[in-house]
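Hello,

Here is the structure I said I would pass on to you.

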Amino acid sequence: MVSSRRQFLKISAGLATAGMLTGFSRRALMAAGAVVSEKHFEITEIRRTAVQLEFRPTPRRNMDREIPHWRYSELCDVTLKCGVTGTGETLMFYTWGATSDEAVNRAKGRSALELLWDDSLGAGLQMALFDAVGRAADLPVHALLGPKVHATTPLSWWNIDTSAADMAEECLEAYRLGYMSYKTKGRPWFDVFRQVEESAKVVPADFRIDMDFNDTLRDADRALPILKKLERYPQVDIYESPIPQEDVEGNRRIAEATRVKVAMHYGTPSPSTVVKTGCCDGFVAGGGATKLMSTGRFCSETSLPLWLQLVGSGLTAAHSLHFGGVLEQAVWPAVNCHQLYENNLLTEPILLKNGAATVPDRPGLGYEINRDLVNKLMIPKPLERPEPKRLIETVWSSGKRMYTANTGKVNFMLTAANEGRYPYYEAGADTRLVPDDGSARWQQLYEKARTGGPFEA
Ligand SMILES: [Mg+2]
């Protein structure tokens, strides 16, 4: 008993020295220390499994234009010496950090407790360690992070930019399932006013719509007329990155001029610049556990809100719930994107009521994996990002028509927009994927768009 206690104090001291454990979670682990020793947490096996998820039909016809590769996910199962297995997930081609072979080799044989806060392990491995340690200690992940300050945490539905009809349909589906918030992209190849107009018709006034422009409004002078017109809809609640985040003065003018809140990805400009200038009202928080907690501490000190943006299937969403439980300022709805998929890798769905989900108190992530489904969706791990041929058509009410094709680069449409190669938020814009009908015309348009697009035809 004496030696196991000494060993446990050593573990706790190590974590505390690294500045990682709060008093609360240290106490929780000390309590767990009565029954477990450091050896129990030794990582004996790490298995990775690639799966191909499918999007629901409405997101599918929109995601397939630009980011079909969000289908590929890698599960990471970590087994500890005590026999417990924890599971994490990395969306293979859209993640703050992929789990590398090197990280897996480095972790094997080490203590899961020692590695918990190492963000360099990547999303899937770090999440699996939290799940495994939580299960081994019979504690929910939130207890490893700090004191739980929220019993429930708000979540947003997410979808890429879509036609106005698709967006209204998705908003309605979100509302039906208990969501009170919908986040999407603001893009010049859709009519943003029609999108919001149609959606506002099918949801109540207190349902929130957030738009991420990813800089496409370019500068405050051009952005303001659009943002002021959109704010007339009571549902419009947050504008994310309307213009480049480095444009502090432009963002400050926007934040001052609109009742709608302005969000920026944490980091640029420096958080202290945000506090000094008021160039945004809150943050998008992403990354590993250490980074998230540090962002959360800054937000607590400055009373600025944040939303958690951890993207993946239900497993990632479950992980995010725990951070939502401990981060005081995680009061804007989290963006996890798991609503995109028709497959739920969890045995039960994450349920929402009045826009929020319960922070789980069950051990680990608090959700179980549907292994039958995982076995069904399993694929050989793609060596590189799959790049299917896509031809995209945009039309405007003026009759103008443009074609874009995938260029082999991620964000090829966004890049073109920010290079000013599409008309700037013109009325009636509508965009769709043109199915490959095997015709010579499709092939011609595709080749031309791929090398010299977007072009007007
Ligand atoms: Mg964003």
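Four strands make up an open sheet in the order β15-β13-β14-β16, and their pairing is antiparallel. (Strands here are DSSP runs of E with at least two residues, helices are runs of H or I with at least four, and both are numbered from the N terminus; two strands pair if DSSP finds at least two bridges between them.) At the edges sit β15 (430–433) and β16 (455–456), each of which pairs on one side only. Four bridges link β13 (residues 391–395) to β15 in the antiparallel sense, and Glu-393 stands opposite Arg-432 in β15.

Before you go further, a word on the model and its numbering. This is a predicted model, in which local features need pLDDT of at least 70 and side-chain atom pairs count only at pLDDT 80 or more, while totals for chains, interfaces and linings use all residues. Residues are numbered from 1 along each chain as its sequence is written.

As for confidence, pLDDT is the predictor's own value for each residue, from 0 to 100. The protein chain has a mean pLDDT of 93, with 92% of its residues at 70 or more. Residues 1–24 are a stretch to treat separately: their pLDDT is below 50, and beyond near neighbours in sequence the stretch has 26 contacts in the model. (Two residues are in contact if their C-beta atoms, placed from the backbone, lie within 7 Å.)

The chain is divided into domain 1 (2–140), domain 2 (152–360) and domain 3 (391–456), with bounds that come from an automatic or database domain assignment. Domain 1 and domain 2 each give 24 residues to the contact between them. On the domain 1 side, α3 (57–66), β3 (85–91) and α6 (123–137) each supply at least two residues, and the largest share, five residues, comes from α3. By class, that side of domain 1 has 13 nonpolar, six polar and five charged residues. (Nonpolar means Ala, Val, Leu, Ile, Met, Phe, Trp, Tyr, Cys and Pro; charged means Asp, Glu, Lys and Arg; the others, Gly among them, are polar.)

Helix α10 (residues 220–230) is worth a look too. Its buried residues are Ala-220, Ala-223, Leu-227 and Leu-230. They lie on the same side of α10 because they cover an arc of only 90 degrees around the axis, taken from the directions from the helix axis to the C-beta atoms. (Buried means 20 or more other C-beta atoms within 10 Å of the residue's own, exposed means 12 or fewer, and partly exposed is in between, with C-beta atoms placed from the backbone.) The face turned away from the buried side carries the exposed residues Asp-221 and Pro-225. Among the elements that cover the buried residues are α9 (192–200), β7 (236–240) and α11 (248–257).

Finally, some backbone details. The peptide bond from Thr-268 to Pro-269 is cis, with omega near -10 degrees; Pro-269 lies in the loop between β8 (261–265) and α12 (271–277). Another cis bond joins Gly-453 and Pro-454, with omega about -5 degrees, and Pro-454 is in the loop between α17 (440–452) and β16. Asp-138, although not a glycine, has a positive phi of about 60 degrees; its place is in the loop between α6 and α7 (141–145). Asn-354 also has a positive phi, near 50 degrees, and lies in the loop between β11 (334–335) and β12 (356–358).

Best wishes
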